[in-house]
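Subject: Structure handover

Dear colleague,

Here is the structure I said I would pass on. Please open it alongside this message.

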Amino acid sequence: MEINSIEQYHEVYQHSIADPEGFWAERAEQFIWRKPWKKVLKWNFKTPSVKWFVGGRLNITENCLDRHLATRGAQTALIWEPNDPSRKARKFTYKQLHAAVCQFANGLKALGVKKGDRICLYMPMTPELSIAVLACARLGAVHSVVFAGFSAVSLADRIKDAQAKMVITSDYNARGPKNIPVKQVVDDALAMGCDTIEKVIVHQNTGGAVQMKADRDIWWHDAIKGRRKSCKPTIVDTEDMLFILYTSGSTGKPKGVVHTQGGYMVYTDFTFRNVFQYQEGEVFWCTADVGWITGHSYIIYGPLLAGATTLMFEGIPTYPNPGRLWDVVNRHKVNIFYTAPTAIRALMAAGDQWIKGRRMPSLRVLGTVGEPINEEAWNWYNERVGKKRCPIVDTWWQTETGGIMISPLAGITPTKPCFATLPLPGVQLSLVDANGKEIHGNDVEGMLCIKYPWPSIIRTTYGDHERCRQAYFSSFKNLYFTGDGARRDADGYYRIIGRVDDVINVSGHRIGTAEVEDAINKAPGVVESAVVGYPHDIKGQGIYAYVIAAGPVQNEAAFKQLVLETVVREIGPIAKPDKIQIVPGLPKTRSGKIMRRILRKIAEGDVFNLGDTSTLLNPEVVEDIREGAVGG
């Protein structure tokens, strides 16, 4: 373990800032490099161009798998918990996972996959998804995982953008009580002009009937039949592409975030070990989908690089009942549990009866990811799940950062609800005003930027480098702009306020939507809320709140009054919502993020021009919100 005390954190952090190249070179030396690097770092944020461990050559899977075989070949590398709790979990030792990855890599090689080819994966959360990811990396092919809940149109857009050569999928995706026909979605997508696709490999997951297209579609079991279980790793340059991951939720063409080999490897290993304070032999469970960056970095690469046991879960938190996650924790003696605030709030709303009586003595560390966690959910997580004995690491990072950037170190950094706390070593933060001028000192807020590269920083957006420059490096000179606003409190701790376009300017006061939502969520009978700004004749912007109630509301006026009183109590009269709408749900992307663009349009009265809602998890809720919109 790298850092053992808060004093040591400060020492290590200072070293990482004073000598970043020396610091990251030390971290990188533990790995297998087939050719050493000539220079640690070359960079500028103008064009932008960032290269780490320049001239080095390696294969990341050799570091995830081969390097552990002598010491932990018989240790469990991967546990798979199926959607159906009556089915048996599957376990792979490091030796077995290595063999499975090599065998599938040989199957891919026989089908013509080579270094640099883009391979699209559209699969459920089965071990084969992890095996396919690692097999691509074994061959130096570029994996592009698309979450298997996206529509055929969204899948086709991503295949075309990446000019993928092959799709790897399953017959069906078992999710809760449903079987989702993922192979059919692939067929529909490929009918939309994806002419770069040569082959489709189909894993038989549920055994449901599917149409197989002759000369194009191949069963997974046929692709690996007779293939050897050893495969020489393809040695690649440290700056060769490892994967493309498309960011969702914004309008227009999907944006393919590119991560490369060496820097991503060094950073995910370092952050996994230190944030979670991983100890040898522990079971780590990240509940994310591999379709998102969290799954890439903290289900597959980070844990395997560190020689950990990583748990993969196919199901959903509430199936067959809201006690499912806690049953899994007990069954597999999970030590570290990493999930999203959305899941925590859903389980909180289901009632404490599902967690009462479940002691979960194995749990040592809890984590949150994906959005700022509100105080009520943080306290519930701490008290009910962690029994007040498990530190919570509230992690802030992005698809573009590749790994965790701001977070407590478990059991080391003193925590505060809603605060991501301090930057990790090597992460040089800067708060700036609208003109890009740095804001010094504490008890301040501004736009969150990063002034020096870290090893897993985005390298480009696939096929469109100018888009990368515009999106992240053009707002402020020589800074990477995260798009988030943040507050640095009196202790130097960071709290993410929310996206800069999610900050409302009310009578000259900047109010973060996350802060208002946090306050509203403390009102009695409130499950969740979303706040947006809308044009206001006097204040410039007014506050429009969408609120989900815990049950039927008998007296709307009294309920809304309670919400207002709570906001006034928590923040002050300036943050009082001007309009409150009680809604049955909020429009969310498949990754659980609230689609504020839609809520903003409804709040502004532009109810008939909401754009594409087909990629939402729950498009039907939009109509309910539109019908119930609060007028002027």
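Predicted model: local features only at pLDDT ≥ 70, side-chain atom pairs only at ≥ 80, totals over all residues.

Residues are numbered from 1 along each chain as its sequence is written, and side-chain values use heavy atoms, with hydrogens and water left out.

Salt bridges

A salt bridge here is a side-chain nitrogen of Lys or Arg within 4 Å of a carboxyl oxygen of Asp or Glu. The whole structure holds 35 of these salt bridges. Helices (H or I, at least four residues) and strands (E, at least two) are DSSP runs, numbered from the N terminus. Buried means under 20% relative accessible area, exposed over 50%, and partly exposed in between, with a 1.4 Å probe and protein chains only.

E239 pairs with R459, with 2.9 Å between the closest N and O atoms. Because E239 sits in the loop between strand 13 (236-237) and strand 14 (241-247) and R459 in the loop between strand 22 (444-450) and strand 23 (460-461), the pair ties together parts that are 220 residues apart in sequence. E239 is buried at 18% relative accessibility, and R459 is buried at 10%.

A salt bridge also joins D489 and K416, at 2.3 Å from N to O. D489 is in the loop between strand 24 (480-488) and strand 25 (494-499), and K416 is in the loop between strand 20 (392-394) and strand 21 (429-432), so this pair ties together parts 73 residues apart in sequence. D489 is buried, with a relative accessible area of 9%, whereas K416 is partly exposed at 23%.

In the salt bridge of E528 with K588, the closest N and O atoms are 3.0 Å apart. E528 belongs to strand 28 (residues 526-536) and K588 to the loop between strand 30 (579-582) and helix 18 (596-603), 60 residues apart. Both E528 and K588 are buried.

Finally, a network of salt bridges links K183, D187, R216 and D217.

Helix 18 and helix 19

The axes of helix 18 and helix 19 (residues 620-627) come within 10 Å and cross at roughly 20°. Axes are lines fitted to C-alpha atoms, for helices over the stretch in contact, and angles run from 0 to 180 degrees between N-to-C directions. Helix 18 and helix 19 are therefore roughly parallel (angles under 35 degrees). The contact (heavy atoms within 4.5 Å) is made by I598, L599 and I602 of helix 18 and V622, I625 and R626 of helix 19.

Backbone details

There is a cis peptide bond between T47 and P48, with omega about -20°. P48 is in the loop between strand 1 (39-44) and strand 2 (49-54). The bond from Y319 to P320 is also cis, with omega near 0°, and P320 is in the loop between strand 17 (309-313) and helix 12.

Q163 is not a glycine but has a positive phi of about 50°; Q163 lies in the loop between helix 7 (152-162) and strand 8 (166-170). C418, likewise not a glycine, has a positive phi of about 80°. C418 is in the loop between strand 20 and strand 21 and is buried, with a relative accessible area of 5%.

Regards

How values were computed: Parallel < 35°, antiparallel > 145°, perpendicular 65-115°, else oblique.
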